[in-house]
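Here are some notes for a colleague opening this entry for the first time. Please keep the viewer open while you read.

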Amino acid sequence: MKKKLLFTAAWLLAAGSLLAQPKVIAHRGYWTAPESAQNSLASFTKADAIGAFGSEFDVWMTADDKLIVNHDKVYKGTDINMEKATAKEVTQIVLPNGENIPTLDQYLQLAAQKPATRVILEMKTLSDYNREDLAAEKIVKALKKYGLVERTDIISFSLNACLAFKKLLPDTNIYYLNGDLTPKSIQRLGLAGIDYSEKVLRKHPEWVKQAHELGLEVNVWTVDKEESMKYFIDLGVDYITTNYPEKLQAMLK
Ligand code: MG
């Protein structure tokens, strides 16, 4: 009997540590896969196909107040600035996999058809707070249109944007990216957690435990090396954002 109890306890401990494994988020979608590209529709489809927990992408608001999905402010090899160009100009850009830069509408329409993958939406820091507030309103409207509010987490380097989303979607998990606030400050602001760079969290590994004790979650980006993946798995973060989601999945098996 005692032996059986011990065995059960050991099994529960093992199961507990399995459950506590970090979840895998594909950074800018699974763009390192064949025929994919950063922030392309294909990158979301490919993240979904491998069973990633979530797929991250970046959102800008154009000069004519439309939302598009892209990372850099100025698209490499062009002089097209996401905030200064119109949506028509931006969406004419062709990505390395042959797709055009997608609108947020196209992106969410696709995400709505892939119910197993969590939507990790990053709103980029815009040129002023008014534009950020407007972009946040428009993003929330789009998420509602596609029934995606419950399946979306929001992340931003802009504290103003985080707080604008918090006002609009009080029950949605919003994570701050900029790495300059302690877990205690994040909790006071009512945000769900910290989503900090590898560099910041290696400097402040104690923030993981502090965050957990405050009921917050921790995501780390962008973790691509095997040694770093192992470090953050052992540190007990909740999510790892990586350009190589299948590599991380293999390590977690
Ligand atoms: Mg991003």
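The points below cover the metal site, a helix pair and the aromatic rings.

1. **Before you start.** Please keep in mind that this is a predicted model.

2. **The magnesium ion.** Which residues coordinate the magnesium ion? They are Glu56 and Glu122, each through OE, and Asp58 through OD, at 2.0 to 2.1 Å. Written along the sequence, the spacing of these donors is E-x1-D-x63-E. Asp58 belongs to strand 2 (residues 54–61) and Glu122 to strand 4 (residues 118–123), so this pair links distant parts of the chain, 64 residues apart.

3. Are Asp58 and Glu122 buried or exposed? Asp58 has a relative accessibility of 1% and counts as buried, because buried means under 20% relative accessible area. Glu122 is buried as well, with a relative accessible area of 5%.

4. **Helix 4 against helix 5.** Next, please look at helix 4 (residues 104–112) and helix 5 (residues 129–145), whose axes come within 10 Å and cross at roughly 35°. Their crossing is right-handed. On the helix 4 side, Leu104, Asp105 and Leu108 take part in the contact, meeting Ile139, Ala142, Leu143 and Lys145 of helix 5. By type, the residues of this contact divide into five nonpolar and two charged, with no polar ones.

5. **Aromatic pairs.** How many aromatic pairs are there? The count comes to eight. One of them joins Phe57 and Tyr107 in a tilted arrangement, 4.4 Å centre to centre and with 40° between the planes. Phe57 lies in strand 2 and Tyr107 in helix 4, so the pair ties together parts that are 50 residues apart in sequence. Phe57 is buried, with a relative accessible area of 0%, and Tyr107, at 0% relative accessibility, also counts as buried. Ring pairs also bring in Phe44, linking Phe44, Phe57 and Tyr107 into a cluster.

6. **An edge-to-face pair.** Tyr176 and Tyr196 are worth a look too. Their ring centres are 6.4 Å apart and their planes stand at 75°, so the pair is edge-to-face. This pair also links distant parts of the chain: Tyr176 is in strand 6 (residues 174–176) and Tyr196 in strand 7 (residues 193–197), 20 residues apart. Both Tyr176 and Tyr196 are buried.

Methods: Residues numbered from 1 in each chain as written. Predicted model: local features only at pLDDT ≥ 70, side-chain atom pairs only at ≥ 80, totals over all residues. Heavy atoms only, no water. Donors = N, O, S within 2.8 Å, 3.2 Å for Na, K, Ca; no water. Helix = DSSP H or I, 4+ residues; strand = E, 2+ residues; numbered from the N terminus. Buried < 20%, exposed > 50% of the residue type's maximum accessible area, 1.4 Å probe, protein only. Axes fitted to C-alpha atoms, helices over the stretch in contact; angles between N-to-C directions. Left-handed = near helix turned anticlockwise from the far one by under 90°. Contact = heavy atoms within 4.5 Å. Nonpolar A, V, L, I, M, F, W, Y, C, P; charged D, E, K, R; others polar. Phe/Tyr/Trp six-rings, centres within 6.5 Å; stacked < 30°, edge-to-face > 60°.
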